[in-house]
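Welcome! Please take a moment to look over the sequence and the 3D view before reading on.

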Amino acid sequence: MAEFLELESQDGVRMPWNVIPGTKQESSNCVVPVSAIYSPIRPLPNITLLPYSPLRCRTCRSVLNPFAIVDFAAKIWICPFCFQRNHFPPNYASISDDNLPAELFPNYTTIEYSQDNQIEQSSPPLVFLFVIDSCLIEEEMGFLKSSLSQAFDLLPDNSLVGLITFGTLVHVHELGFAQIPKTYVFRGNKDISKEQLLEHMSFFAKKPKPAGVIAGARDGLSAESISRFLLPKAECEFAFNSVLEELQKDPWGVPTDQRATRCTSTALSIAASLLGACVPGSGARIMAFIGGPSTEGSGAIVSKNLSEPIRSHKDLDKDSAPLYHKAVKFYEGLSKQLVHQGHVLDLFACALDQVGVAELKIAVERTGGLVVLAESFGHPVFKDSLRRIFQAGDYDLGLSSNGIFEINCSKDIKVQGIIGPCASLEKKGPLCSDTVIGQGNTTAWKMCGLDKATSLCLIFEVVKKESPDATIQSTSNQFYFQFLTYYQHYSGQMRLRVTTLSRRWVAGPGSIQDLVAGFDQEAAAVVMARQVSFKMETEAEFDPIRWLDKALIHLCSRFGDFQKESPSSFSLSPRLSIFPQFMFNLRRSQFVQVFNNSPDETAYFRMILNRENVANSVVMIQPSLISFSFHSGPEPALLDVASIAADRILLLDSYFTMVIFHGATIAQWRKAGYHNQPEHQAFAHLLQAPRDEADSIIKERFPVPRLVICDQHGSQARFLLAKLNPSATYNSDGPLPGGDVIFTDDVSFEVFLDHLQRLAVQ
């Protein structure tokens, strides 16, 4: 595993196959696709920033890299992607074998360029447009106000701020008019175009309306009309805080048998149009704070009658959620508008009810927005996550904007698509595969918002047909990939990060050992998880369990060692040995088992899975368990019910939730207050150790996980028991090791493995 982590710290890339199956047939036999999980702006320890423009190949536009063949005498370099011969420009005249430019250093496979001339231009300010739901009960409104005023204080000083509140009607607040509060009000049940919006908000009161597209100060809007609604933080602090303080619950009465009238979609549409007119192409974020289901406008998810329940997974499967498709179509249109403008939609959904995350998912994901789901605006998950977004220092998110991501690769490989937070720019070309997965049919993608953790899953297809002669294979057995990320760094500067990878390919009879030696089982599990989530959302009648099981059986029968029809002889190489366990836990995870989760929760879990790196995604698929006891220091424990013991504390990290679980004896001692007595210092330390460990994990994670502290046999112990392997259930024979059983009919991992071996050797 260590060498894959080393590759990741050098290039921010993890690939399931680090030795690539060389032909189309071989790669389809390998089950897990040729793919990569790439974090475009992950901070790398030894990355170099070059203060000049990159040198590009004149045919395929790839950037000069360490794999290019250089002829120092003739001052020519040969592109490894299209084999074009390119001349070096005059400023490279002094290069030689011992005087290389940085981009040719063999260990600088990832490098950043920043164009100097752009630093002089003042960097455009960040724009934050707060869109706030006012149909909240007083208590929730209080929590939200206090969090927002804290967040406002943490905003960067040069940022522009705007404010929209909505309930039955949408109120756009004119923060630039400080004498009295002034708002423009729009009906929540009526869609309004950008032109009508500008007309109503009297953008052209003082001067005639210009012809053509209206887009910002360059094209027809005066700076003063923009600054009525979007003001620098310092100038609107008083106005913003006074609107917040005055903000009341939506005044329109709600009959007892009805839901509040909440026009979420109209408010978001007005926010997008306002930003599109005022600050197109700049790093702007719409931050939506929503406290209940949308019941009005094109994006409504449920009618106002409380007698009608909000859609469940069953309704979506049976196609009996009448408003779902209309809302998704509306948000798909909104996502296209936001991507075109280069703006981001962040979603903070805090309610006991569903608010419509499942419908909004497309707009948040395509624009690279952040999403936080909690049960209340007073919950630490929401409050701490909101603070993390604006916090500077070691654990800042590094929010960057306006990214464009491009891929170049060897001609025997084609791009099927990307599963992750980006939107296709529809740049078709010879590298596009006919099979599309995720955002495909293109080699360039827009990433309106991206941060240090954002990770894309790139899926490729090997198109090489025949098995080549061994002689040809030995000379040119490398596939090359180049990823270009052009983005606005959070310092305001435009940068280009270039990562160039070379991977050996193998084909023919002796290739299995090589493939196994380069197999990264963690990356493979994450690719399978993203693929299965994507298929569950896009394919009707898709059976995820069957698909995963078939894939696992194929993989084991191709790469396992066994004698035919003899299950006991089956064994897997250490490179593959944990993969079945990952698949077992993925089958049981919230990504595949939607029972007991609402469509909103499922959408939320999948959005986070689709944007996190391999290490974090593996924890979502297979949680980690650490045991604390008097006999030994903190040590990893098996994710099994047998790990429960009366004298142990267990810390479960399942990414979204952290559980500190006190065994029965520990809980008794704690209730007796032993930890407060000076002679039981050791017990106090034992109780504190898992808290410290949990805090250290929580402070570097976004969204902030929920912390559950519970006792053995307590009601909240379910958070732990649901994740454990049920090796002891209510109908097991024999004495129980940990004194705990799980009441389930699920098969245990041992039974699963037993069946897998029997099927793999057939």
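The paragraphs below visit a sheet, some aromatic rings and a helix.

This is a predicted model, in which local features need pLDDT of at least 70, side-chain atom pairs count only at pLDDT 80 or more, and totals for chains, interfaces and linings use all residues. Residues are numbered from 1 along each chain as its sequence is written, and side-chain values use heavy atoms, with hydrogens and water left out.

Let us start with an open sheet of 3 strands, in the order β5-β6-β7, with antiparallel pairing. Its edge strands are β5 (69–71) and β7 (85–87), each of which pairs on one side only. From one strand to the next, the twist averages 25°; axes here are lines fitted to C-alpha atoms, and angles run from 0 to 180 degrees between N-to-C directions. Strands (E, at least two residues) and helices (H or I, at least four) are DSSP runs, numbered from the N terminus, and two strands pair if DSSP finds at least two bridges between them. Strand β6 (residues 76–78) is joined to β7 by 3 bridges, and W77 has N86 in β7 as its bridge partner. Strands of a sheet pair through backbone hydrogen bonds.

Now for the rings. The whole structure holds 37 aromatic pairs, meaning rings of Phe, Tyr and Trp (its six-membered ring) with centres within 6.5 Å; planes under 30 degrees apart count as stacked, over 60 as edge-to-face and the rest as tilted. One of the pairs is F81 with Y480, edge-to-face at 6.4 Å centre to centre and 70° between the planes. F81 sits in the loop between β6 and β7 and Y480 in strand β22 (residues 478–488), so the pair links parts of the chain 399 residues apart. Both F81 and Y480 are buried, that is, under 20% relative accessible area with a 1.4 Å probe, protein chains only (exposed is over 50%, partly exposed in between). Elsewhere, F130, F152, F240, F289, F348, F377 and F382 form one aromatic cluster.

Finally, turn to helix α10 (residues 324–341). Just after α10, G342 takes a positive phi of about 80°.
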